[in-house]
Amino acid sequence: MKLGPFAGSGFPTGGTHAATLRRSAPSGRGESCVSSSERNLSTVLGASTTRLGGSQETVAPAAEQRQSDRPANAASAPAIAAQRISKTFRITHHPATLKERVLHPFRRDPVEILEALQDVTFEVGKGEFFGIVGRNGSGKSTLLKVIAGIYRPNEGQISVEGRLSPFIELGVGFNPELPARDNVVINCALLGLTRREALRRFDSIIEFAELERFVDMKLKNYSSGMQVRLAFSTAIQVDADILLLDEVLAVGDANFQEKCFETFRRMREEGRTIVLVTHNLSIVERFCDRAMLIDSGKLVAIGEPPEVLKAYRSEVRPKLRSKEGAGTPVGARPGEGSAEVLEAWIEDSSGQRVETCLQGEQIRVCARVLFHSPMRNPEFGFDIRNERFEVVIAANTGWDGVETSSFKAGEQTRVTMELANVLAVGRYSVGVSVAYQYGTTVADLHEGITGFQVDGERWTPGAVEVPRKFEVEVEE
Amino acid sequence: MSNGEASALPGGRPASPVEGGRRFVELTVILAITQFKLRYYGNVLGYFWTLAKPLLLFGVLYVAFTEFVRFGGGIEHYAAYLITAIVLYTYFSETTVDCVTSLVDKEQLIRKIPMPLLAIPLSLSLDAAITLLLNLVAVLGFVAFTGVDITWRWLELPLIVGVLILLSTATGALLSNLYVFFRDTRPIWEVMAQLLFWATPVVYVIENVTNHTLLRVLMLNPLAVLMTQMRHAVIDPTAPSAAQAAGGYVWLLPPAAIVLGVLALSVVMHRRAAPRIAEQV
């Protein structure tokens, strides 16, 4: 088995991660990873086996049916096999110092143990497009780094069959002070290519990134889109059997995202294995053969995307909900405080409060406001932000010329904005503002007071999904 | 643009990454070139500044020890020795001090990509070594200009410089690993580097040390051995060689052991630390 680009270099950070802290004797070149330490692990972890243990199915690599030009794919050995992976981080509140160590050799600062991954077992078949979903902080990025060999698991073993290329971040090593050529060389070197190889490919990288006119410019003068294009064109130069992708798709414009997907689709057709970490459920639905859901470092579900997404909706989203809606406390919010946004929520057209709404339906964004001092003709505003924190919809009674009457101190009011739900599939947060004196003085501004999910059939990299009609005609 | 044409891979088939030692060397060299370029990029005075620092130190120390203290006057080719020793010592101290934070400074890389981590301090050291060689060319020109004879013994210099580079690199690598886990490594080492400056014959020469015990201790310092041998080989053949100053070849074994010890320690330390570096930086 090949252990990634850095195996055998004598630098243990590299790809060899048939790893346990106990350092189970590396069995040959790692293929037969279930060794005696596996038994040890069960005794260690036996008690802590989670309720989720049962849901871990070992699914035969779905990709086997897919025809491919790589004979190796016929073998049933998985591309990635993770056995009861656990990863904990020790967080100290003071940085450790040599002085402390010398003066108080036995004293240890209290450490907080963060269990980023607990007893995670899964396999990824060769040629599979495998999704890992979970909310922020669920441990999915840690898992990716464990697979990549950046972090070593505390417990368990992971074996990787084939050359692995991590796309955890695009453009690693880019330096804003240098022009494209140097940056491509650095980036390539970090990805494992030689200087000569990088330079040989430079022209075509630039061409693919559509940056011909900007070759001699320093990177700091590139727009972020240009940087991403350069980074992506460079990254796909590296030959790999397994690609690890961490939300790299979230960046760049729609055109570019499409280009990325196109590339990944082609790579999958070539029989490469792709592991994608994301919290964008629609991408999982659209691309993945199988997926896995992790939450709080534990494996919750693994299997076909629809099942996993169902688990996400029933298990993870309710927790997400309970944490949201609190927003920032009054004192910490902008606004001079003569009115207060108490709560906000989403209703469907029948007046039912909902957390999830369907694309294309009518929805109402509602808020309850309490006035602490009398106010004449206040202006109420809503903004709706997507996962990228872009304001997709912003509306205000003042801009729309709506009269809102006068309020006495202690009075409450309910504000409703009804609109057609044209939002793209994804998660949104709602902000509510109250202003007066023709909108010049802000009484309260409560960002992120509530959140909701938009579900729909159609995936789009855009921010909204509006009714439309295409016409394609042949012009004479 | 999503037609087959445009999405075809640029440059034909993807390239196979190189592995193992080759990748390590490539990466080290490219990182070193980058640092070198960044220092001089669009900066004509760049090289001047790297030479200016040892020159300034030389100027101050030379004036201090020939005019005020009247100490250097008695030493043959004092100016030539002083400048050469300063350039060599500055290389050592700057490399090691710069290396201390190198891994933590490159946290953005380390957390995002699996890579041979030693390439980071080693690239810094390589970059500094290039600068050292450039400086040495200038300094040896000056040395010859002050009337020092160029002899076959100058051929010892590459060996001396080689050992110095080895020592500096190993120390730097060791410190960079240590700093990941102990953040006070840096101030501690800065003080150590100051101490080492005075524990190394730079402004003085080894014959100035008349106390026998002190001499023994000083000659444990590999830097003192290197400087003394450098003086014998390059500046003044009548000056004692390192073996003569130490009192016999056998006394050169402890400093040699120190160099090898630091090297071994840095390798062992790195092997032990490497798996945890990414989560600690």
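Predicted model: local features only at pLDDT ≥ 70, side-chain atom pairs only at ≥ 80, totals over all residues.
In what order do the elements of chain B run from the N terminus on? Select chain B and follow the chain: the elements run α-α-α-α-α-α-α-α-α-α-α-α-α. Chain B holds 13 helices and zero strands, where helices (H or I, at least four residues) and strands (E, at least two) are DSSP runs numbered from the N terminus.

Residues are numbered from 1 along each chain as its sequence is written, while chains are lettered from A and ligands numbered from 1 in the order in which they are written.

**Stop 1: chain B as a whole**

Of the 281 residues of chain B, 40% count as buried. A residue is buried if 20 or more other C-beta atoms, placed from the backbone, lie within 10 Å of its own, exposed if 12 or fewer, and partly exposed in between. Among contacts in chain B between residues at least 6 apart in sequence, 78% join residues at least 24 apart; two residues are in contact if their C-beta atoms, placed from the backbone, lie within 7 Å.

**Stop 2: the contact between the chains**

Next, display both chains. The contact takes 58 residues from chain A and 44 residues from chain B. On the side of chain B that touches chain A, the elements giving two or more residues are α2 (20–40), α9 (185–198) and α13 (253–280) of chain B. The largest share of that side, ten residues, comes from α2(B). The residues of this side of chain B divide into 26 nonpolar, eight polar and ten charged. Here Ala, Val, Leu, Ile, Met, Phe, Trp, Tyr, Cys and Pro count as nonpolar, Asp, Glu, Lys and Arg as charged, and the others, Gly among them, as polar.

**Stop 3: helix α2(B)**

Now select α2(B). This helix has 21 residues and reaches 31 Å from its first C-alpha to its last, close to the 30 Å expected at 1.5 Å a residue; the expected span is 1.5 Å times one less than the number of residues. Its buried residues include R23(B), F24(B), L27(B) and L31(B). Against which elements do the buried residues of α2(B) pack? They pack against α4 (180–191) and α5 (195–208) of chain A, together with α7 (119–145) of chain B.

**Stop 4: an open sheet in chain A**

Move to chain A and select the strands β12, β20, β19, β15 and β16. Five strands form an open sheet in the order β12-β20-β19-β15-β16, with mixed pairing; two strands pair if DSSP finds at least two bridges between them. β12 (356–358) and β16 (391–396) of chain A stand at the edges, each with a single partner strand, so one side of each is left without a neighbour in the sheet.

Within the sheet, β15 (residues 379–385) of chain A runs antiparallel to β19 (residues 426–436) of chain A, and seven bridges join them. The bridge partner of F380(A) in β19(A) is V434(A). β15(A) also runs antiparallel to β16(A), joined by five bridges, and G381(A) has N396(A) as its bridge partner in β16(A). β15(A) and β16(A) form a hairpin with five residues between them, and F389(A) in the turn has a positive phi of about 65 degrees.

**Stop 5: confidence in chain A**

The mean for chain A is 77, and 79% of its residues reach 70 or more. Over residues 1–75 of chain A the pLDDT is below 50.

Terms used
pLDDT = per-residue confidence, 0-100.
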